Structure formats: structure tokens, C-alpha cells
Amino acid sequence: MLEYFVEHHQWIGTVYIWIYYKNTGLQVGKIGQNGRSLELIGTEEENNQFVIELPCAVEPTRAKLNYKGDLYNLRLTAVKNEQRFDRSSNHIMEEVVSKWMRKDLVKGPFTFYCSCCNDQLICSKDYTKVRDMPSEFWAEFMDYWHCHKPHSDTNSTLSNGFDNKFTRSVVPTVGEICLSDSFIYIHKDSLNSKIVYDYNNVFCNSCKQVLGSVNRDGSIGFKKWCLKAEINKEIETIDISNYVLNQIFNELKAHSTRLFHIRDNSIAMEVQVWVFGFGSTISFNNSHLLTNCMKILYQRGGPPNGPQNSQNIELIEVDEPNALSAFISRLDDVNSNLPHDLQRMNEWKVGYISCD
């Protein structure tokens, strides 16, 4: 019996393969004609041949199998894609984008439903404009956008005008949809009878599920994980754990930090996350495939001890109930399926989470 795990790291152009095989004598056969498969040959007594499907084309080379105990491993070089490895542009970072952004909604007619009762809430025919917001946390990035900050001076008409211009909210107009990584914003005057709201929250009128919140600027923010989308006749959902993933990615873009202390004070949960790489594709035994993954090292508890303390540690406070626990569960699920020797790197657990 042969089991394996394949890991393709686009940022270094390398494919790693780990193979669990109880017998010695496993050998590398030929690489398929298109470079996307690898043949392995078992012992002569068993006369077995195995074919591993690869997530990308690899260079035709004589690969060497290394092994320790029952775990074999080998390293292959991915066929170079000029755009992918162009150092002048970070194509991998550009690909780690959220679902249900403008690029998705313009593909065809779209409808958003309540994830609980499937009532139709938002339909493309009722909106004339769709746009992406600058960032999930655009207001916080004001410090980075302006080297001369707006200041308040009640005696200066010019200063007041500058403050008003650069500190007002990004508000959708009636008939317009604004999209961030985790939320869909519309003007409250665009709501139909399927949606009701009070001073704080917006609800599905049929099942009373909380869908989002009411903002002081007159906009309604829908949480994407409370909705179900039909885009160009394809049904999609978003897991609540993406709320944490989006915050990590926004902090990466803003500060280039790789080490995070993430906590949810409401349930006294905290975890350390070390983003190890982007754009990985992993597969288990030709069946379980995850694409466009972040490779993440993580551990429960407060800030770690050791050499990592020399890095900047970014604090992320998660205010959405169940989002952090769902995020950790996704990492744990992948970690439990890794070969035992790959489940940990020193005191860190190893996990992957897909950004698709």
C-alpha cells in the first residue's frame, strides 16, 4: 500500500513528494510525457507500479529517492513559467484575493441569498454599479497614504475642508454595491422587503438571521459568510474562517509582517500564526487537492519564545464569534492528514489553508 503527499511551492518553483511505503526498494520510474505525472516502481516481489499525478509540469530529470523508516521523499523542479517567476511583480501575492469581488460579479448575473433560509436578498438587476473598496481596512491605512496628515483646526476653513475630504467614509450610493474582502455594502435605501434592520443589525425578514450591521454613514454591511451566492448560475458559499484569513492577508500587504498573534477575547482563544509561504498547491493520494494555499505554521497560546521574537509580531483582534475557532479547525484538519513526520516543525504545527 502506497500513500503520498505532494507539495508544490510556486514561489521557489519546487515540487516535494513524500511517500509512505512499508517496504524498502521503492524506485523512481519515468516522468510522464507532459511532465505532470511520476511513475514509481515497487519491489520485484510485489511487481507494483504506481503513478502520482503532479499539480504542475516538472523538468525531466533523474530524481533521487531519500528515505527514513517508511517515509520516502524526493524533490522535483517545476517547469519555469516566465510570468510566475518574474521578480519585478509579485504574481503570487496578487492571486491571493477574496471571493465575490468585482471581477467575480461581472462574469454574469448574480443573486445573493440568505444562507439560512435561501430567501433572495440582493439581485444584480437592481444595481447599476459594482466596485471594490480600496481595502478591508481602508480607513486605518490613511496613515500610510498621506505623509502630511490632515489635522483639525477650527480656525482654518482650509484645514476643515481637507479633513472632511480625506476622512469621510466610502459610502455606496443608491443602486451601487461596494465590496470588501469580508463584507458587501449597499445603501440602506436600496434594500427590498426581504431585508429589515434596526439601529444596529440587519436581518433576513423570513428567518430573522442576523446578516450584518447598520453603519452610521447610512450603509448596510452584509457579512459574506451569512450569504449564499449564485454567480453566472454557479452556487458558492464562503466559510466564516475567511474573515481571519482576510485580516492576515491585509496585514501582510500593509506591513509585510509574517508573524501574528491572533486572539478572540470573547472565548479566551489565542493562537500564533507564522505565514511561511504563498501560492502552494497540495494534494493527498490523487484525491484531495487544495490550490492557492498559504503554508502556515501555528501554535496555541501567547507570543512564542525563541528566535522568532526578533521579528515583528502583529496583533489581530478577531471580533466575529466563531471565526477564529473555524480558522484553527481548518488548519487542524489539514495537519491531521499530513504524514506524521511533516505535522510539526519544532514546536510549530504545520497547516495549509486555501485562499480560493
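This is a predicted model: local features need pLDDT of at least 70, side-chain atom pairs count only at pLDDT 80 or more; totals for chains, interfaces and linings use all residues.
Q: Why do strands S9 and S18 stand at the edges of their sheet?
A: The sheet is open, with four strands in the order S9-S8-S17-S18 and antiparallel pairing. Strand S9 (120-123) and strand S18 (234-237) each have a single partner strand, so one side of each lacks a neighbour in the sheet. From one strand to the next, the twist averages 25°.

Q: Which strands pair with S1, and over how many bridges?
A: Eight bridges join S1 to strand S2 (residues 14-21), and these two run antiparallel. Leu 2 has Tyr 21 in S2 as its bridge partner. S1 and S2 form a hairpin with four residues between them, and Gly 13 in the turn has a positive phi of about 65°. S1 also pairs with strand S20 (residues 269-284) in the antiparallel sense over five bridges, where Val 6 stands opposite Ser 283.

Q: Why is His 9 called buried?
A: Buried means under 20% relative accessible area, exposed over 50%, and partly exposed in between (1.4 Å probe, protein chains only). His 9 has 4% relative accessibility and therefore counts as buried. His 9 lies in strand S1, where seven of the eight residues are buried.

Q: What makes the link between the side chains of His 9 and Ser 280 a polar contact?
A: A polar contact is a pair of N or O atoms within 3.5 Å; within protein, one must be able to donate a hydrogen and the other to accept it, and residues adjacent in sequence count only if both atoms are side-chain atoms. The link between the side chains of His 9 and Ser 280 is 3.0 Å, and the side chain of His 9 also makes a polar contact of 3.0 Å with that of Glu 7.

Note on methods: Residues are numbered from 1 along each chain as its sequence is written. Side-chain values use heavy atoms; hydrogens and water are left out. Two strands pair if DSSP finds at least two bridges between them. Axes are lines fitted to C-alpha atoms, for helices over the stretch in contact, and angles run from 0 to 180 degrees between N-to-C directions.
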